[in-house]
Amino acid sequence: MSAQRACALSDLVQDEARRVEIDGVPMAVVLDSNGEVHAIGDTCTHGDISLSEGFVDGDSLECWAHGSAFSLRTGKPLNLPAYEPVPVFAVTVDGDDVLIDPSVKLEVN
């Protein structure tokens, strides 16, 4: 599979998450305060809640329901109650297009 258009860069609001779905894979896409675009799995590993409805704080996205925050870079939970990471996807920005390949999950330490 190859990268597909997830949204327009101009559609993203800094420090807010946007839910997108590519080939049935839900993702939370975030434009952070440094101008970097991140894509992580949109489902909290603690309670099956959409992370894109949560709160961006620096380089993390917090689940609105139970307060677990996930690193936008690694997908790892930064606090309890979640203890399992969410997937992180490679993002390419081409002009105003945000491209993501849902089959390519980044291996991060």
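Two strands count as paired if DSSP finds at least two bridges between them. Strands themselves are DSSP runs of E, at least two residues long, numbered from the N terminus.

This is a predicted model: local features need pLDDT of at least 70, side-chain atom pairs count only at pLDDT 80 or more, and totals for chains, interfaces and linings use all residues. Residues are numbered from 1 along each chain as its sequence is written, and side-chain values use heavy atoms, without hydrogens or water.

**Stop 1: the sheet**

Select 60-62, strand β6. Three bridges join β6 to β7, and the two run antiparallel. Pick serine 60: its bridge partner in β7 is serine 71.

**Stop 2: the cores**

Select Ile40, Cys44, Leu51, Leu61 and Phe70. They have the most contacts inside the largest nonpolar core, which has 15 residues. Such a core is a set of buried Ala, Val, Leu, Ile, Met, Phe, Trp, Tyr and Cys residues joined through side-chain atoms within 4.5 Å. Buried means under 20% relative accessible area, exposed over 50%, partly exposed in between (1.4 Å probe, protein chains only).

Centre on isoleucine 40. Beyond its neighbours within four places in sequence, its contacts (heavy atoms within 4.5 Å) include Pro26, Leu51, Phe70, Val86 and Phe89. A second, separate core of 13 residues includes Cys7, Met27, Val29 and Phe89.

**Stop 3: the cysteines**

How many disulfides are there? Zero, counting sulfur pairs within 2.5 Å. Select cysteine 63: the nearest cysteine sulfur, that of cysteine 44, is 3.9 Å away. Cysteine 63 is buried at 0%. Cysteine 7 is buried too, at 3%.

**Stop 4: the salt bridges**

The whole structure holds five salt bridges, each a side-chain nitrogen of Lys or Arg within 4 Å of a carboxyl oxygen of Asp or Glu.

Select arginine 19, partly exposed at 43%. Its closest N–O approach to glutamate 21 is 3.4 Å, and to aspartate 42 it is 3.1 Å. Aspartate 42 lies in the loop between β4 (37-41) and β5, and arginine 19 in β2 (17-22), so this pair ties together parts 23 residues apart in sequence. Aspartate 42 is buried, at 2%. Shared partners join Arg19, Glu21 and Asp42 into one network.

Terms used:
Helix = DSSP H or I, 4+ residues; strand = E, 2+ residues; numbered from the N terminus.
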